Amino acid sequence: MRLCRPPLAATFALTAALAAWVSPCFAESSAPIPVNNPPAPNAYIDLLALMSGHCKTFKVAGRTFACKTVAYAHGDKGRVNFAVAVDDPTDDSHVVSFSGENGKRADDNSYELPIDRMLLNSKDRPRVDGLPVPAEQTSTGLCRQTGNFAARKVKDVTCSATDSEGRAYELLFVSDGTPVSVRRIRQSAPSIQDPFK
């Protein structure tokens, strides 16, 4: 059954679940980052993996944030997001996602995803069906995940991207060793080099 949701909305439905894992420890409030790019075509999330741990580094446009959880979301058209739940006590909908296509496994313990856009979500974003719809910003960069998703063991995720306005995004997420929680939302043809195979 296909859910009628806006692009990638299923990823951000996790915000509430991710927020439950995140303890408020970041005191500075966030301000929305202006964007100027049109949204991507509709995509439906078919596989979701929640990773538990902490961010050793998480920077958005020069500002340092705290976070605790990262989610990997695979879309039925091959788009992948590494969604970061921002530890922001003033905004429980604050999620920043590194998004791209054509990810590849170099071997059984590493996966690389070229980044072509950043998805920025906050409490100030418009909502569809009660869920905030992320703003999309054209970007270039790369995410690397080490560990084995199929074995539900991820060591870390590193991402670095720069958007079309020159803003930099940086992530170093380190797992706490808890097995990755994988949810297959619906069956679809996997993208090339699906890291969960």
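Which residues are linked in a network of salt bridges? I shall come to that after a few words on the model.

What you see is a predicted model, in which local features need pLDDT of at least 70 and side-chain atom pairs count only at pLDDT 80 or more, whereas totals for chains, interfaces and linings use all residues. Residues are numbered from 1 along each chain as its sequence is written, and side-chain values use heavy atoms, with hydrogens and water left out.

The network consists of R79, E101, D116, R117 and E136. A salt bridge here is a side-chain nitrogen of Lys or Arg within 4 Å of a carboxyl oxygen of Asp or Glu, and by this rule the count comes to six. R79 bridges to E101, with the closest N and O atoms 3.5 Å apart. Since R79 lies in the loop between β3 and β4 and E101 in the loop between β5 and β6 (104-107), the pair ties together parts that are 22 residues apart in sequence. Helices (H or I, at least four residues) and strands (E, at least two) are DSSP runs, numbered from the N terminus. R79 also forms a salt bridge with D116, where the closest N and O atoms are 2.9 Å apart. D116 lies in strand β7, so this pair ties together parts 37 residues apart in sequence.

As to burial, buried means under 20% relative accessible area, exposed over 50%, and partly exposed in between (1.4 Å probe, protein chains only). R79 is buried, at 6%, while E101 is partly exposed at 32% and D116 is partly exposed at 28%.

Another salt bridge joins the side chains of R144 and E112 at 2.9 Å, N to O. R144 sits in strand β10 (residues 135-148) and E112 in strand β7, so the pair ties together parts that are 32 residues apart in sequence. R144 is partly exposed at 43% relative accessibility, and E112 is partly exposed with 34%.

Let me turn to the interior. The protein has two helices and 13 strands, and of its 197 residues 50% count as buried. A nonpolar core is a set of buried Ala, Val, Leu, Ile, Met, Phe, Trp, Tyr and Cys residues joined through side-chain atoms within 4.5 Å. The largest such core holds 32 residues, of which M51, F58, Y72, F82, F98 and L171 touch the most other members. Strand β1 gives the most to this core, with six residues. Apart from it lies another core, of seven residues, among them L48, A71, A73 and V95.

Where do the aromatic rings pair? The structure holds three aromatic pairs, rings of Phe, Tyr and Trp (its six-membered ring) being paired if their centres lie within 6.5 Å, with planes under 30 degrees apart counted as stacked, over 60 as edge-to-face and the rest as tilted. F58 and F65 have ring centres 6.3 Å apart and planes at 55 degrees, so this pair is tilted. Both of these residues are buried. Y72 and F82 form an edge-to-face pair, 5.6 Å centre to centre with 65 degrees between the planes. Y72 lies in strand β3 and F82 in strand β4, so the pair ties together parts ten residues apart in sequence. Y72 is buried, with a relative accessible area of 0%, and F82 is buried with a value of 0%. Ring pairs link Y72, F82 and Y111 into a cluster.
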